[in-house]
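These are my notebook entries on one structure. I set down what I looked up, item by item.

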Amino acid sequence: MKFIRWRENRDKRVYLLLCIITLMIGMTCVFFWPVNLLKQPTPILGFTMHYLSDSAQGWVAACFVLVWFVWALKGSSYSTQRCLSLVAQMFILFLIANILKLGIKDFTEIPRPYTTVMTQHLLLPEPAHFYKLGVAQKLDVLNDMQSYISHWRLESWKQHLDYAFPSGHTIFVTICALFFGSLFIEQKRYVSLGVLVLWALGVAYSRLWLGMHSPIDLVGAVALVGGLYWCVPRHYSVERIKSLPLMNRERS
């Protein structure tokens, strides 16, 4: 495949959405951070935050991507080439984002906010000590917190024992919001765009509420996705391979 008009073909809709999402996440952090992790939530709030967060991980996240993709293509007149280009771009974005996320987490080694709460309850000498423990030891320390915090939060803590920065869930929903959101703007489907952005913001806020991330983790995730969108081409063409000098030499 050949990349076409790499820097000349940036999608301005993506960066408009990126600015809006960054602003809204920033406002969310200003008004709702810090979160009192020891406060017992209502069952409805706990259920909502827990499953909002779960919608951006594992097989549920894969189902969401498939649903959004089918919905974005529904009623469109995209050619097969355009659809293949979209699939290629989305695959590359998710692949590179996940590789970078894992590398940055191991490099920065920023503890999750819940480790601070555990330190305050004298279960850890300092937040960084949590990451020196084995998996079984980490789970034992987390179980000691079950009388202090909501089970909704504790379940999420046990699922993610790694470092915090950047937020993988926020990376996922930001890619979805920019990728599918730009298509909805192109198609003038603004209700779908609104639902998509609200879902992305809900997931980002749920990570704060659950004690999994701080604002810097969310902002770092959005910045990472914005940089990826600048680097990853939007359009790919199979036909132009024929015009490459290398292909012409092979024919001769």
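I began with the secondary structure and counted 11 helices and two strands in the chain. I take helices (H or I, at least four residues) and strands (E, at least two) as DSSP runs, numbered from the N terminus. Along the sequence I read the pattern β-α-α-α-α-α-α-α-α-α-α-β-α.

I note that this is a predicted model, in which local features need pLDDT of at least 70 and side-chain atom pairs count only at pLDDT 80 or more, while totals for chains, interfaces and linings use all residues. Residues are numbered from 1 along each chain as its sequence is written, and side-chain values use heavy atoms, with hydrogens and water left out.

Entry on the whole chain. I looked up burial and found that buried residues make up 49% of the 252 residues. Buried means under 20% relative accessible area, exposed over 50%, and partly exposed in between (1.4 Å probe, protein chains only). The accessible surface of the chain is about 13100 Å², and 68% of this belongs to carbon and sulfur atoms. These areas come from the Shrake-Rupley method with a 1.4 Å probe; for residues, only the protein chains shown count as cover. I then turned to contacts, meaning heavy atoms within 4.5 Å. Of the contacts between residues at least 6 apart in sequence, 81% join residues at least 24 apart.

Entry on helix α5. Why is α5 described as largely enclosed by the rest of the structure? I find that six of the eight residues of this helix (residues 113-120) are buried, hence the description. The buried residues are Pro 113, Tyr 114, Thr 115, Val 117, Met 118 and Thr 119. Their cover includes α6 (135-143) and α7 (151-159). Just after α5, I noted a positive phi of about 65° at Leu 122.

Entry on Lys 138. I located Lys 138 in helix α6. Its relative accessible area is 10%, so I record Lys 138 as buried. Not counting residues up to four places away in sequence, Lys 138 touches Phe 130, Tyr 131, Leu 133 and Leu 161.

Entry on His 160. Where does His 160 lie? I place His 160 in the loop between α7 and α8 (168-187). Its relative accessibility is 16%, so I count His 160 as buried. With neighbours within four places in sequence left aside, I list its contacts as Gln 57, Arg 112, Tyr 114, His 169, Arg 207 and Met 212.
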